[in-house]
Amino acid sequence: MGENLGEVFSQDYEGHPLATLPLGSRIHNYRDIALVISVADGSMPTYWVEYAQARYDVKIVAALTAVMVTSYIPYLESHQLTGIVAGLRGAAEYEQLLSAPGAGSRGMDAQSAIHALIAVLIVAGNVQAWRKRRSRIGGGGNQ
Amino acid sequence: MSLLETTTTALLTLAIYSFLAGDNPFYKFAEHLLVGLTIGYTLVITLKSVIWPQAIIPMTRGEMPSLVPLLLGCLILLRLVPRWAGWSRISLALVVGGGAGVAIPAMLKARVLDQMAATANGVTSWAGWIILIGVLATLTYFVFTRAHRGAWGTSARIGRYFMMVFFGATFAYTVMSRVALLIGRLEFLMGDWLGILRS
């Protein structure tokens, strides 16, 4: 693909030859691509980094689900990724950047409320565990 | 989406969520439907976009080299016949050898060399120093051939703290991800299906 896209994908899904497509006639390999935006819920951005960025220096931006974000931050820090849209929060930030609030910004209200609830539950759970341990020590138990 | 599509999707969503009340036939039906559809879809896409245009069509034009990958693919299926299962090793060896040849240099550069260079070059700022200390401390934690005592033990303990921060951040992002999925489903059920929510 780095040398000639047409050798790997000679036609699109519907059988049209690549050269007859508006984009296909202008883009022959990675050198013709200014930016790749990988919208992914799997490891696809890793493949883009390994095969397109590392070998051909193509700029990659990844729109990720939140669970993937911490695995991709090192690539962002090392400039192997040009940018990251980090889950729902990233989607909301992008909407704010465009001054076009939508589903992402709307979802962040619920997201923030649930995060606050989870934080309260974590604190409550730890307080309860601490009290249990304290009462056990106070009762003379050592197990 | 039509009303029929929306209702079918909503009922399947509810069937999946019914697992919260325990395993049940509705959940099993939705689960099996998902697996079956995924396999069927993948099979059709592979046949239509790979096997047909890249193997069958060239063969009809007399391009016999395209028979080679087709035969190698068929050899893998021989694993299903215990007597001839050994033949599948030829294809697997080619897949593993070719895959390793393509992947190892790319992975080595992207995941090791470029990351090492970025870590070393980042020491011009405080954040860069913290990353460097974190990397070195975490690496010492994974050296199990040396006792974690003294300075080495302190470094390993610092590495453990760095990993705890990473796991905490990953857990928080995982929660965010799962909640986002729930929000999406609730928006669909209460908006698209029931019409209670308006966008």
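This is a predicted model: local features need pLDDT of at least 70, side-chain atom pairs count only at pLDDT 80 or more; totals for chains, interfaces and linings use all residues.

Reader: What's the radius of gyration of chain B, against a compact globule?

Author: Chain B comes out at 26 Å, while a compact globule of 199 residues would be near 16 Å. Its C-alpha atoms fill a box of roughly 65 × 60 × 35 Å along the principal axes.

Reader: And what share of chain B counts as buried?

Author: 20% of its 199 residues. The accessible surface of chain B is about 14300 Å², with 75% of that belonging to carbon and sulfur atoms.

Reader: OK, switching to packing. Which residues touch the most other members in the largest nonpolar core?

Author: That core has 19 residues, and A:V58, A:I60, A:L64, A:Y72 and A:L81 touch the most other members. At least two core residues each come from helix 2 (44–56), strand 2 (60–64) and helix 3 (69–77) of chain A, and also from helix 6 (150–193) of chain B.

Reader: What is A:V58 in contact with, leaving aside neighbours within four places in sequence?

Author: A:Y30, A:I33, A:V36, A:A52 and A:Q53. There's also a second, separate core of six residues, including A:L88, A:A92, B:V179 and B:I183.

Reader: Last one, charges: how far apart are the mean positions of positive and negative in chain B?

Author: 17 Å, taking 15 positive and 7 negative charges.

Methods
Residues are numbered from 1 along each chain as its sequence is written. Chains are lettered from A and ligands numbered from 1 in the order in which they are written. Side-chain values use heavy atoms; hydrogens and water are left out. A nonpolar core is a set of buried Ala, Val, Leu, Ile, Met, Phe, Trp, Tyr and Cys residues joined through side-chain atoms within 4.5 Å. Buried means under 20% relative accessible area, exposed over 50%, partly exposed in between (1.4 Å probe, protein chains only). Helices (H or I, at least four residues) and strands (E, at least two) are DSSP runs, numbered from the N terminus. Contact means heavy atoms within 4.5 Å. The radius of gyration is taken over C-alpha atoms; the globule rule is 2.2 Å times the number of residues to the power 0.38. Accessible areas come from the Shrake-Rupley method with a 1.4 Å probe; for residues, only the protein chains shown count as cover. Lys and Arg count as positive and Asp and Glu as negative; His and the chain ends are not counted. The place of a charge is taken as NZ of Lys, CZ of Arg, CG of Asp or CD of Glu.
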